[in-house]
Amino acid sequence: MYTDTDRCVRAVQSKDARFDGWFFTAVLTTRIYCRPSCPAVPPKVANMRFYPSAAACQQAGFRACKRCRPDTSPGSPEWDHRADLVARAMRLIRDGAVDREGVPGLASRLGYSTRQIERQLLAELGAGPLALARAQRAQTARLLIETSDLRMADVAFAAGFSSVRTFNETVREVFALTPGELRARAERGRRSILTPGVLSLRLPFRAPLNPDNLFGHLAATAVPGVEEWRDGAYRRTLRLPYGHGVVSLAPRPDHIACRLSLTDLRDLTIAISRCRRMLDLDADPVAVDELLSADAVLAPLVAKAPGRRVPRTVDAAEFAVRAVLGQQVSTAAARTHAGRLVRAHGEAVEDPDPSGGLTHLFPSAQALAALDPEALALPRSRRTTLTTLVAALAEGRLTLGPDTDWQSARAELAALPGFGPWTVEAIAMRALGDPDAFLPTDLGLRRAAAGLGLPGTPAALTARAAAWRPWRAYAVQYLWATDDHPINRLPAEGTPR
């Protein structure tokens, strides 16, 4: 979009928050870059330049605006609904791959040379993988500076910087303030006392956001010991590269309140990325709802509760296991099966909240590879399905993650015994994040379709849903919401689950 100057100018002059994260505005006279919705008086058109990423702005010598804080914009929705190389690379960079594995590791995971990765990212984003990772490190550093009382040296290494000197130089260059000045500004505006060991963050999103099916689904399917709904927030444990964490996420009118407790602060960036991905916070609800509203059947559903998101997951492999456990059983039965698996094979952790009920990490594929199939209270055919999946994940023959090619993963999953269209598409939708995943064989979807006069057979319903592409996963959310099921509503206040 940043190449459409007229459209960008109109967005800036109208302070349209829908375009935050789509592009950034750099001002030649002040050498500052802003988000489109910046509250400052818009600059003259002749002084505006538009860039596709904060990294490109920083690389061109512009610093972040202190008023609109463009580094805290929602991410571009491009990287969640596209499946090409650039989108897969951006999902990996957001997941911290460059910080952990370097550019060669990024290229290896994508199956391309470092030169090809550099060229394509530069062409589309105006910055290479190192610059994009650097911008992300700067944002992480700012979060730690403003939301914790850590020593600056600890902040530097937790954010991924190789030295305190590089950290200081980057913060000054990007924000035109020293780390100490950033913390002093934050302390002047801080209203609450910091809780030791807990980071309190605000996760932005593009409005509208309907929390009912998003948090309702996560709460209704919560695995005991791993997830819970408590005090108006969804809480869960996180398995992370350097340790583990516990996150609490609560919906607010203009943001998601996030409280993170981590055993290793180097996991902050990836924890935020995974939470944003789970809640689908980088989606473009206006584009989704506009297309779905063109359908006479879906239009009233969208008008009644716009901004539905697709509830996803923080761990694709975990969800794949849970999808198998949920085959042909109720939501309650699936939770029971998963809970037993967690108690038997999950890693015990301590809940930082004394009143909380989180006790375990969901077991890794490696831990599950050693389980005895006969100990599973499942039909024999489903035991085979589960053990085959776990073995493929543990041995690396099947990889599921932000860099996964959606169509290739579908083919690999479908080749496993017991993986039918429902399981494959459920994993594609909630674990891999394909916004066009569709479940025509799902019982709840077919029941909703029948009630709305849509075709009843999977083939006919799929043909009818062609008009909803590329947002069929969102159409599924609107159709599911017609049913009076716990996944479609927030739990009653004060009800632990």
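Biologist: What makes α4 roughly antiparallel to α5?

Modeller: The model is predicted, and the angle is computed from it. The axes of α4 (residues 85–94) and α5 (residues 97–110) cross at roughly 155°. Angles over 145 degrees count as roughly antiparallel. Therefore α4 is roughly antiparallel to α5. The two axes come within 10 Å.

Biologist: Which hand does the crossing have, left or right?

Modeller: α4 passes α5 in a right-handed crossing.

Biologist: Which residues make that contact?

Modeller: From α4, L85, R88, A89, L92 and I93. They meet A97, V98, L106, R109 and L110 of α5. By class, that contact has eight nonpolar, no polar and two charged residues.

Biologist: What describes two packed helices?

Modeller: The angle between their axes and the distance between the axes.

Biologist: How do you know that α4 is mostly covered?

Modeller: Ten of its ten residues are buried. Buried means under 20% relative accessible area. The buried residues of α4 include R88, R91 and R94.

Biologist: What covers the buried residues of α4?

Modeller: The cover includes α3, α5, α6 (114–125), α7 (129–147), α12 and α19 (406–414). After α4 comes G96, with a positive phi near 85°.

Biologist: Why is W79 called buried?

Modeller: W79 has a relative accessible area of 6%. The cut-off for buried is under 20%. So W79 is buried. W79 lies in helix α3 (residues 78–81).

Biologist: What is W79 in contact with, leaving aside its neighbours within four places in sequence?

Modeller: V86, A87, M90, R91, R94, E124 and L125. W79 and M90 are eleven residues apart in sequence. In space, their C-alpha atoms are 6.4 Å apart.

Biologist: Why are α13 and α23 called roughly perpendicular?

Modeller: The axes of α13 (residues 285–292) and α23 (residues 472–480) cross at roughly 70°. Roughly perpendicular covers 65 to 115 degrees. Therefore α13 and α23 are roughly perpendicular to each other. V288, D289 and L292 of α13 make the contact with Y474, A475 and Y478 of α23. By class, this contact has five nonpolar, no polar and one charged residues.

Biologist: Turn to the five-stranded sheet. What order do its strands take?

Modeller: The order is β5-β9-β8-β7-β6. The sheet is open, with antiparallel pairing.

Biologist: What makes β5 and β6 edge strands?

Modeller: β5 (199–203) and β6 (227–230) each have a single partner strand, so one side of each is left without a neighbour in the sheet. Neighbouring strands of this sheet are turned by 25° against each other on average, direction ignored.

Biologist: How do you know that β8 and β9 pair?

Modeller: Count the bridges. Pairing needs at least two. Seven bridges join β8 (residues 244–251) to β9 (residues 256–262). These strands run antiparallel. The bridge partner of L249 is C258 in β9.

Biologist: Why is β7 called largely enclosed?

Modeller: Six of the seven residues of β7 are buried, so the strand is largely enclosed by the rest of the structure.

Biologist: How many bridges tie β7 to β6 and to β8?

Modeller: With β6, β7 pairs in the antiparallel sense over four bridges. E228 has R235 in β7 as its bridge partner. T237 stands opposite V246 in β8.

Biologist: What connects β7 to its partners in the hairpins?

Modeller: The hairpin of β6 and β7 has two residues between the strands. There D231 takes a positive phi near 55°. Four residues join β7 to β8 in a hairpin.

Biologist: Which helix lies across this sheet's strands?

Modeller: Helix α12 (residues 268–278) lies across β5, β7, β8 and β9. α12 runs at about 40° to β5.

Note on methods. Residues are numbered from 1 along each chain as its sequence is written. This is a predicted model: local features need pLDDT of at least 70, side-chain atom pairs count only at pLDDT 80 or more; totals for chains, interfaces and linings use all residues. Side-chain values use heavy atoms; hydrogens and water are left out. Axes are lines fitted to C-alpha atoms, for helices over the stretch in contact, and angles run from 0 to 180 degrees between N-to-C directions. Contact means heavy atoms within 4.5 Å. Angles under 35 degrees count as roughly parallel, over 145 as roughly antiparallel, 65 to 115 as roughly perpendicular and the rest as oblique. A crossing is left-handed if the near helix is turned anticlockwise from the far one by less than a right angle, and right-handed if clockwise. Ala, Val, Leu, Ile, Met, Phe, Trp, Tyr, Cys and Pro count as nonpolar, Asp, Glu, Lys and Arg as charged, and the others, Gly among them, as polar. Buried means under 20% relative accessible area, exposed over 50%, partly exposed in between (1.4 Å probe, protein chains only).
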